[in-house]
Amino acid sequence: MALLEIKNVGKLFQVDGQDMEALQDINLSIRDHEFVCFIGPSGCGKTTLLRIIAGLDDPSSGSVYLDGDLIMGPGPERGMVFQEYSLFPWRTVIDNIAFGLELKGVNKKERLERSKQYLKMVGLERFSDRYPHELSGGMKQRVAIARALVNDPKALLMDEPFGALDAQTRNIMQSELLRIWEEERSTVVFVTHSVDEAIYLADRIVIMSARPGRIKDVISIDIPRPRVRTSTEVNGIRDRILADLKSEIVTS
Amino acid sequence: MVSLLGLIVVWQLAAMVIDDTLLLPSFVQVLAALSNTWQEILTEDLPISLLHFGLGVGIGLLVALPIGMSMGWFRTADRLLDPIVEVVRPIPPLAWIPFAIVWFGLTNEAAGFIVFMGAVFPILINTYIGFRSLPRVYVESAKVLGATKDVDLIRYIAFPYALPSIAGGIRIAMGIAWMCLVAAEMFGVSTSGLGYKIWSYYYLHKMDYVLLYMIVLGVLGLLLDRSFRYVVEERMLRWRAGLMQ
Ligand SMILES: Nc1ncnc2c1ncn2[C@@H]1O[C@H](COP(=O)(O)OP(=O)(O)OP(=O)(O)O)[C@@H](O)[C@H]1O
Ligand SMILES: [Mg+2]
């Protein structure tokens with residue numbers, strides 16, 4: 001069964017009184033427990049699409065369904081990790097993670113217990129009572145992931161969550177994310193600029209074209225995990241995606 | 001501490017040279033005044049002044065917080081109230097003294113009203129600014145985590161985010177309120193209090209007492225500010241450390 005259905009989604013923005021078509025006729029079904037990466041040139045509408053799925057923006061045409069229900073606005077069953085750091089600076093790490101549970105009215109004891117469990121999952125037990133400004137960039141994104149997961153979302157939407165991290169930390173975060181995803185088995189929609197990241201993570205890679213943003217190609221990656229970043233299979237797929245993207249940049 | 005001691009020594013010497021209590025009472029004379037009146041200060045003047053102060057700042061908070069918060073959060077509230085605030089705000093608080101007397105008579109409420117006029121706008125403006133500068137990503141994060149109602153977003157996101165700004169506003173308000181308090185009491189809105197006593201001792205040309213009350217006002221103002229800073233900024237707003245670096 002398809003969990004997330006994106007049907008004929010289009011998005012127009014008004015820029016200086018003129019219509020600017022950011023997304024055009026996006027159609028995609030994402031299965032339960034699937035890990036899908038979106039990749040494409042800057043400005044092709046990846047963030048816009050993710051925001052529409054999250055319910056933060058409305059599509060100009062078309063609609064998105066989660067388990068058959070039309071998405072009308074934001075909700076805790078679709079967790080989102082933003083590209084920029086988004087932890088609440090006035091809350092400690094543990095209270096950031098517990099936020100969603102607090103809103104649901106879960107009592108304090110249970111809130112802490114469940115948040116601790118997720119803090120442990122992202123490997124930051126020792127930082128429970130710190131404030132976000134005391135964490136490194138990678139730690140902040142880990143907490144953001146834990147904060148989204150504690151709500152037990154059906155889908156986890158991630159907008160270049162590791163974009164600001166150095167290569168080393170980024171690699172570590174990628175394997176951590178896969179481990180967590182395998183544990184939690186939620187559906188992940190992941191936006192990235194990095195072809196390597198997409199191939200390392202995804203079940204399917206969606207390649208987008210620019211202006212207006214459309215789906216250009218969808219590539220299934222059947223290589224078993226953990227994937228070796230330099231294997232010949234990976235290299236083959238990388239060449240194919242890079243060629244795809246290159247033609248995009250030339251035409252845009 | 002050393003410099004304060006130095007000031008006292010210089011003051012005492014200068015007063016002995018000038019040798020005129022009207023121009024400059026000496027430190028010793030002020031101490032004598034203190035030993036004569038400390039009971040009166042503690043039991044009469046201080047409670048009255050703190051009542052005026054608490055009344056003005058307290059009601060100022062009650063009025064400024066909801067208005068500042070709604071102006072910062074709801075566009076329509078902003079459009080509706082902003083012109084009113086902008087017209088009333090530039091009127092110096094002390095200009096309200098005649099009306100304070102006409103409306104309230106020579107009562108504690110009248111003095112409290114002047115203090116209120118001094119305190120309300122700094123709190124209101126800082127609350128508004130705090131709400132307005134809230135980054136969108138915090139609101140959107142909260143929405144995605146399940147906070148979709150305005151009440152929740154204000155309570156869990158906008159208010160805690162704006163708290164340092166609000167606290168700054170309250171500090172400024174307390175400083176202005178303290179000045180307004182003395183002026184209001186001096187101008188006869190009240191018939192007691194620290195400010196009133198300065199004026200009445202001046203009429204009696206008892207300058208040692210005038211100076212004593214001035215010092216009491218200074219020390220109290222300092223204590224108010226310090227204790228506020230200690231309680232609010234050091235304990236409640238520890239997370240700010242990261243933003244101020
Ligand atoms: N609120 C908005 N108003 C007007 N135009 C917008 C708005 N948000 C996005 N756009 C435009 O829509 C297009 C797609 O933006 P989007 O942020 O989705 O791109 P992106 O693929 O995420 O890019 P990047 O990889 O650089 O993050 C861009 O041309 C952008 O300028
Ligand atoms: Mg983007």
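A word on ground rules. This is a predicted model, where local features need pLDDT of at least 70 and side-chain atom pairs count only at pLDDT 80 or more, while totals for chains, interfaces and linings use all residues. Residues are numbered from 1 along each chain as its sequence is written, and chains are lettered from A and ligands numbered from 1 in the order in which they are written.

Let me start with chain B. Chain B has ten helices and zero strands; helices here are DSSP runs of H or I with at least four residues, strands are runs of E with at least two, and both are numbered from the N terminus. Its C-alpha atoms fill a box of roughly 75 × 45 × 30 Å along the principal axes. Of the 245 residues in chain B, 36% are buried. By buried I mean 20 or more other C-beta atoms within 10 Å of a residue's own; exposed means 12 or fewer, partly exposed is in between, and the C-beta atoms are placed from the backbone. Among the chain B contacts with a separation of 6 or more, 71% link residues 24 or more positions apart. A contact is two C-beta atoms, placed from the backbone, within 7 Å.

One helix pair in chain B is worth a look. Helix α4 (residues 97–104) and helix α5 (residues 108–132) of chain B have axes that come within 9 Å and cross at roughly 145°. Those axes are lines fitted to C-alpha atoms, for helices over the stretch in contact, with angles from 0 to 180 degrees between N-to-C directions. On the α4(B) side we find B:Ile97, B:Ala100, B:Ile101 and B:Phe104, meeting B:Glu109, B:Ala110, B:Phe113 and B:Ile114 in α5(B). By class, that contact has seven nonpolar, no polar and one charged residues. Nonpolar covers Ala, Val, Leu, Ile, Met, Phe, Trp, Tyr, Cys and Pro, charged covers Asp, Glu, Lys and Arg, and the others, Gly among them, are polar.

B:Ile114 leads us on to the core. The largest nonpolar core has 126 residues, and those with the most contacts inside it are A:Cys37, A:Ile53, B:Ile114, B:Val115 and B:Ala177. Helix α7 (residues 150–186) of chain B gives the most to this core, with 18 residues. For the definition, a nonpolar core is a set of buried Ala, Val, Leu, Ile, Met, Phe, Trp, Tyr and Cys residues joined through C-beta atoms within 7 Å. Leaving out residues up to four places away in sequence, the neighbours that B:Ile114 touches include B:Trp96, B:Cys180 and B:Val189.

Where do the chains meet? Here, 24 residues of chain A are in contact with 17 residues of chain B. On the chain A side, the elements giving two or more residues are β6 (78–81) and α3 (99–103).

Strand β6 takes us into the chain A sheet. Six strands form an open, mixed sheet in the order β6-β7-β8-β3-β9-β10, where strands pair if DSSP finds at least two bridges between them. The edge strands are β6 and β10 (214–220) of chain A, each pairing on one side only. Why is strand β7 (residues 155–159) of chain A largely enclosed by the rest of the structure? Because five of its five residues are buried. A:Ala155, A:Leu157 and A:Asp159 point one way from β7(A), while A:Leu156 and A:Met158 point the other way. β7(A) pairs with β6(A) in the parallel sense over four bridges, and five bridges join β7(A) to strand β8 (residues 187–192), also parallel.

Now, back to our opening loop. Strand β9 (residues 204–209) of chain A pairs with β10(A) in the antiparallel sense over six bridges, with A:Ser209 opposite A:Arg214. The peptide bond from A:Arg211 to A:Pro212 is cis, with omega near -10°. A cis peptide bond also joins A:Arg225 and A:Pro226, with omega about -5°, and A:Pro226 lies in the loop between β10 and α8 (232–251) of chain A.

Last stop, backbone angles. A:Arg185 has a positive phi of about 60° although it is not a glycine, and A:Arg185 is exposed, with 10 other C-beta atoms within 10 Å. Thanks, and over to you for questions!
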